[in-house]
Each structure stands twice: as structure tokens, then as C-alpha cells.
Amino acid sequence: MDDVESQIAEWRAYVAKAPAVDGRDVDELEGHLRDQIAELDTAGLTADEAFLVAVKRMGDLDTLSREFAREHSGRLWKQLVLSGEDEPARPSNGGFEALVFALAAGVAIQVARLIAEYPDEQPGWLLRNATLFVLPFLAAYFARRRKVDIRRWGLAAAPIVLVALVVNLYPYPADSATELLVALHVPVVLWFVIAYPYMGGTLGSHERRMDFVRFTGEWFIYYVLIALGGGVLLLLTSLILEPISAELPERVVEWVLPSGAAGAVIVAGWLVESKQRVVENMAPVLTKLFTPLFAVMLTIAAATYALSGVTGAFDRERLGLFDAILVVVLGLVLYSMSAREPSQPGGLADQIQLLAVVSALVLDVMVLGVMLARVGDLGFTPNRAAALGLNIVLLVNLAGTAWLSLRFLRGRIAFHRLERWQTSYVPIFALWAAIVVAVLPPLFGFI
Amino acid sequence: MHIDKDLVAASATPLVLAILGESENYGYAILKRVRELSEGELEWTDGMLYPLLHRLQRLEYVTTEWRTPPEGRRRRYYAITDAGRAALAEQQRQWMTVTRALDDVWRGNGGLMTALGEV
């Protein structure tokens, strides 16, 4: 029997290697194996035979782990290397392709810069179009990586063309406020356009949408890291070159910065895909660290505002700041969501997060109240309309999150519902950004 | 008789839900019950039951709990929820429709079998 014990241990170790099968699942499968062996034993098989039959019945382990992966794609996110039909083990992990696309993006933005004679001239079209020279390359990279068919290439390209048309055909006068808003929202619209090729030409699947949300968060971490490294590199280069000519560092920054920033967009996308495990460890740490800090900050702020009243201190242009706060809180919620195992019951971390969300909501509702009360006599400007719209979109999302978290913490619903809420909400963000780009400027007469 | 693998896959969810509708149970016993019910004709790869059960759990059709019965080892028990019962009822309706349609066409004159024979 000892022999069988060691065989079971070996089998167990092998099963446990599959990325999407976690410890509890291995326990469950081992229990099954042992039940089967015990039954075959009583049927008169020797221990060895019983083990072999039981293992055979359990099925091919590669297929099994793929099946687990399909169900628990969140776990799989930890390492996307599955041997088998989904992702054949190949020497190239897309690094070369990523480099080509990164170079192309770098060149495209450089050409645009030279045509615009930036930074001597600062034409509005460059500002509006900047990300149009970069993000389509990321979309193309994913379309290639996901091997989407011709029709889907077309479907991915169509919205990009549409954005380009809308952005360039609208007549913006110089120093137009709507132009600035469009410049800020075009990247957001394009980012959601990337979701389509990223998800392999599907839109409906909630699991794939969650993957895209994760991708967004981790891409952001990588991009910030690359930007920090690049900043240090540029600074040192400038310091080295300064003695040669006082003007040289400036020229270097002018040439290197746009291309570097554009190329890094694609490189970060590639890094998220291929070096998953590094960020996988970072996102939970960041959330654990910052969620309590934000919870404390927001609670204090909400309490202070509630006591002192908002009217005096509140500057009406400050709504943008509260948008930023809500975005950060939403970011924390999404990071922690992507880092957590959905079957785990709610705990202290979830309560702290709920506190942060609720404080942010209270704070925001007070500000909104003041804002709305004043809109009557102040009227809408494009900036105010955009800030207010974003605020409401975020507010609804976080209110839903808070409500569902509460129900989850009380054990009424599964964590899955929270994920569903976020993934169902994704198109609304895209829609809002699209409205700011396409509807807001004509609405305000392009001022 | 060999049952087509797509058919096995399609029937897996209603079967498991129906078995859990009888009483809560753990994986190995569910499989034994499947064999019993189909008189050994439905061949499942044992391991595949578990991803299926986890999917049902995610959909909130079943709840699970680890328990150690007085005699025997620690096992994960699955129990059907109200949502699971509703899904089962829906599956039942669909399967009834399919089997009724097949039944009708096979019993009727010049039914599916003759049609297939002419191809």
C-alpha cells in the first residue's frame, strides 16, 4: 500500500502543477482518486491495478487542466502558458512582433511631430490626434496575436477610422475648450476600441471583459514603471550631454520622448501578456497597501466636509478633482477584484474597501449636491458638462459596487455578481467617452 | 453502445443538477449515480466532473461545503440552490421538447431515419 501512497503523492504533485488547479481542487481530485481505488480494491484488484485504472478514469491531465483553465480563467491569468491547443508552446512569445509595432508607433508619432513642428508650433490637431498615431498599433498588435479573421480586422479598424474622422472634421477654433476635452477623451475611446481585438474579436463574454479590465490595470503598472525608468535614463543622458552643448539635451528629449512614450505603450502591452507573474504579485500588494490608506483619507475628508459644510470651501471647477478621486477608488476596487480568488469568502480587506467606496460616495454626493444647486445660475460650460457626466457615470458604478459588496459581505450573493456588475458596466464608460468626443463639441458649438 | 461525446457533454449539466436535486452529494458519488442511472452507458471522464461542478457553483446553481462525515474522509459536498432548481426545470423543458420532436419524427412515416437512408 505504501507503494500506492507514493504513486498518489506523485500524481498529486503533477496535478498541482497545472496553473488553473488550486490546492483545494487537488484535494478534491485526490479524494476522488482514493474513493475509486478503494472501490476497485474491494472488487478484487491489486493496489497497483486499482491505481492505474483510477488514474485512467480520471482522464488525461492536460485536457483536465485545460478544462479547469476554461472555468477559472482568473487563476490562469497568473501564467498564460498552457501546453496544448490553446496556446502552442513556441519559442516566440510575440516579443519580436511587439518590437516591430512599437517601432512603427514610435516612427508614426515622430513623423507627426515633425510635420507639426512641435514643440515650436503647438497645433491643436496634433493634440487631438496624438493617440491616434499610437493606439491603433496596439490594436493591430492584438489583432495579429489573436489571429482574428479579415472581417474582425475590419470591425476593429472601423471605429478607429470613425474616431479619426470625427476628430478631424469638426471645425475647432483656436483655444477651444471642447478641443481640449476631445483630446483628453480620444485615448479613452481608443482604449475601449482595443478591447475588441484584445478579446479576440468578441464583445459579449464577461470573462474576457474581466481579462481586459485586468489587462488595463496591469498595463498601467507596467507603463508607469517604464516611464520612470525612461525618465531616469533621459535625465542622465541630458546631464552627460550638457557640457558638450547647452542645447543638445533639449534636442535629445524632443526626439526621444515622443517615440519612447509611443513605443512603451506597445511594449507594456506585450509585457503584460508575457510576464504575467511579475505584476500578478504586484497588484495585490499595491491594493493591500493603498486601500486602507485611501479609506482613512476619504473617511476623514468626508467627515470634515460633513461637519464644516461644503458650500464655503467648494470651488465649482474642482469637480474634476472629485472625478479623479472616484477614478482612483474605482481603480483600487478593480485591482483588488482582479487579484482575489472569487470563491474566497469576504473578509476584513473587503470591509475596508467598502468603507473607502462609501466614504468616496458620501463625499461626492455632497459635492454634486452643491454643484447641481448652482448649475441653474452658472449655466453649463463644456468642461462642467464633461466633469459632471463623468462624475455621474462613476457615481452610479461605485454605488452599485457598494450595494453589491454589502450584500456579498452579508453572504447574500456570490462574489461573481460583483464582477458581473463591473464587466457589464464597461460599455457605459466607453459610451460616455464617445459622447464627449462626438456629441459634446457640436452641442456647445465647438467653443 | 457508444454515445456521442457532444451528447454526453450536453446532458452533463441537467444530469448533475437532477442528481443533486435528489440529495446533496460529493463528486465521486455523483459519478457513481450517473453510471447507475445510465446503466454504464454514459462514459464520463471522471476528472471533467469537477470543472463542471465549479461552473455550476459560479452560476450559483449549487453551493459547496467541505465536511468530514463520522466515518470516512473529508469531502466537498455540493447542494442544489433555488436558482439551480429553476435551471433544472428549464433544462427539463428543453430536453422534453427535443425528445418529443425526435420521437414524433421517428415514429411518423417517412421519418428522419428514411430521410437519412436516402442521403
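A residue is called buried here if 20 or more other C-beta atoms lie within 10 Å of its own, exposed if 12 or fewer, and partly exposed in between, with C-beta atoms placed from the backbone. By that count, buried residues make up 24% of the 119 residues in chain B. Everything below comes from a predicted model, where local features need pLDDT of at least 70 and side-chain atom pairs count only at pLDDT 80 or more, while totals for chains, interfaces and linings use all residues. As for labels, residues are numbered from 1 along each chain as its sequence is written, and chains are lettered from A and ligands numbered from 1 in the order in which they are written.

**View 1. Chain B in outline.** Chain B has five helices and three strands; helices (H or I, at least four residues) and strands (E, at least two) are DSSP runs, numbered from the N terminus. Two residues are in contact if their C-beta atoms, placed from the backbone, lie within 7 Å. Take the contacts in chain B between residues at least 6 apart in sequence: 50% of them join residues at least 24 apart.

**View 2. The strands of chain B.** Two strands pair if DSSP finds at least two bridges between them. Strand β2(B) runs antiparallel to β3(B), with six bridges, and here B:Trp66 sits opposite B:Arg76 of β3(B). Strand β1 (residues 25-26) of chain B is also an antiparallel partner of β3(B), over two bridges. Look for B:Tyr26, whose bridge partner in β3(B) is B:Tyr77.

**View 3. Where chain B meets chain A.** Here 15 residues of chain B are in contact with 17 residues of chain A. On the chain B side, α2 (27-37), α3 (49-58) and β3 (75-80) each bring at least two residues. Which element gives the largest share of that side? That would be α3(B), with five residues. By type, the chain B side splits into four nonpolar, four polar and seven charged residues. (Ala, Val, Leu, Ile, Met, Phe, Trp, Tyr, Cys and Pro count as nonpolar, Asp, Glu, Lys and Arg as charged, and the others, Gly among them, as polar.)

**View 4. Helix α9 of chain A and its cover.** Helix α9 (residues 150-169) of chain A has 20 residues and spans 28 Å from first C-alpha to last, close to the expected 28 Å, which is 1.5 Å times one less than its number of residues. Its buried residues are A:Ala156, A:Val163 and A:Val167. Among the elements covering them are α7 (124-129), α8 (135-145), α10 (177-198) and α17 (415-438) of chain A.

View 5. A:Val439 lies in the loop between α17 and α18 (440-443) of chain A. Why does A:Val439 count as exposed? Because A:Val439 has 11 other C-beta atoms within 10 Å.

**View 6. Two loop residues with positive phi.** A:Lys147, in the loop between α8 and α9 of chain A, has a positive phi of about 50 degrees although it is not a glycine. A:Lys147 is exposed because 9 other C-beta atoms lie within 10 Å. In chain B, look at B:Glu60, in the loop between α3 and β2 (62-67). B:Glu60 is not a glycine either, and its phi is positive, near 65 degrees. B:Glu60 has 16 C-beta neighbours inside 10 Å, so B:Glu60 counts as partly exposed.
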